[in-house]
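Q: Can we go through this structure together? I have a few quick things to ask as we look at it.

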Amino acid sequence: MIILDFETNSTNEHDVIEVAAAKIEIEDGEYIVKEMFHRYYLSRYPVNKYSYEVHKLTPEMIMEYRKDKTHSVYFKEDLDFVEFCKGVKTLVAHNISFELRHLYKIVNFENHFCTMKENRNIVKALNKNGKVKNPKLDETCRFYKIDFDENSYHSATYDVSKTYEILKAMKK
């Protein structure tokens with residue numbers, strides 16, 4: 001299985017500016033990270049101020065992170081990501097429909113597991129009207145007593161690591 005998280009510049013298809021993924025296998029009943037994938041990409045669109053407020057990634061920062069890298073400039077063109085996913089049947093993410101929107105016509109998975117939706121009736125986070133809602137990543141971590149750093153939230157690598165910890169906590 002692969003645990004995946006994207007940071008994006010917009011809701012436009014494939015407008016991914018950061019991807020982190022962990023390839024996981026089950027050994028002796030435990031989830032084990034076998035391989036990691038992490039990259040930054042440029043966007044074909046102007047900086048979206050609402051997205052920037054979430055992840056704080058500017059094109060200048062991305063260019064600095066990409067310095068000395070030779071991989072594709074744009075996510076949609078990164079065949080290394082496609083190769084990383086090859087043969088994996090299950091995708092795991094917190095709010096998986098968001099990731100699936102950006103994977104469209106790039107990579108397919110037979111099975112999907114959303115730690116957000118699976119925890120809706122376990123965490124029982126409430127919206128402003130007092131109704132049960134899908135829990136955010138931080139709310140789910142708090143429920144499982146997983147340390148959570150608000151300043152690291154919305155870094156793709158951090159979010160993948162927390163989704164991994166949630167998955168392990170759910171198993172128990």
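A: What follows is a short talk through a predicted model, taken topic by topic.

Q: Let's start with the largest pocket, how much space lies in it?
A: In this predicted model, the largest pocket holds about 460 Å³ of space.

Q: And how many residues line the largest pocket, and which of them lie nearest its centre?
A: The lining is made up of 22 residues, and those nearest the centre of the pocket are Asp5, Phe6, Asn95, Phe98 and His154.

Q: Which element gives the most to that lining?
A: That is β1, which contributes four residues. At least two lining residues come from each of β1 (2-8), α1 (49-55), α4 (96-103) and α8 (156-171).

Q: What does the lining look like by class?
A: Sorted by class, the lining of the largest pocket comprises nine polar, seven nonpolar and six charged residues.

Q: You mentioned α4, so which of its residues are buried?
A: The buried residues in α4 are Ile96, Glu99, His102 and Leu103. Viewed down the axis of α4, these buried residues fall within an arc of 130°, so they line one face of the helix.

Q: New topic, where is histidine 14, and is it buried or exposed?
A: Histidine 14 sits in the loop between β1 and β2, and it counts as buried because its relative accessible area is 9%, with the cut-off for buried being under 20%.

Q: What does the side chain of histidine 14 reach?
A: It reaches the backbone oxygen of tyrosine 104, at 2.5 Å. Setting aside residues up to four places away in sequence, histidine 14 touches Phe75, Lys76, His102, Leu103, Tyr104 and Ile106, and His102 and Leu103 are among the buried residues of α4.

Q: How about aspartate 78, where is its place?
A: Aspartate 78 is in the loop that runs between α2 (59-66) and α3 (79-85), and with a relative accessibility of 2% it counts as buried.

Q: Which side chain does aspartate 78 join in a polar contact?
A: The partner is the side chain of arginine 39, in a polar contact of 2.7 Å. Neighbours within four places in sequence aside, aspartate 78 is in contact with Phe37, Arg39, Tyr41, His71 and Ser72.

Q: And phenylalanine 81, which helix is that in, and what does it touch?
A: Phenylalanine 81 belongs to helix α3 and is buried, with a relative accessible area of 1%. Not counting residues up to four places away in sequence, phenylalanine 81 touches Leu4, Val19, Phe37, Phe75, Leu103 and Val107.

Q: Last one, is glutamate 53 buried or partly exposed?
A: Glutamate 53, which is found in helix α1, counts as partly exposed because its relative accessibility is 49%, and partly exposed covers the range between the buried limit of 20% and the exposed limit of 50%.

Terms used
Residues numbered from 1 in each chain as written. Predicted model: local features only at pLDDT ≥ 70, side-chain atom pairs only at ≥ 80, totals over all residues. Heavy atoms only, no water. 1 Å grid on protein atoms, 1.4 Å probe; cavity = no way out; pocket = protein on both sides within 12 Å on 5 of 7 lines; lining within 4 Å. Points joined across faces, edges and corners; volume = space filled by probe spheres on them. Nonpolar A, V, L, I, M, F, W, Y, C, P; charged D, E, K, R; others polar. Buried < 20%, exposed > 50% of the residue type's maximum accessible area, 1.4 Å probe, protein only. Polar contact = N/O pair within 3.5 Å; in protein donor to acceptor, adjacent residues only side chain to side chain. Contact = heavy atoms within 4.5 Å. Arc of directions from axis to C-beta.
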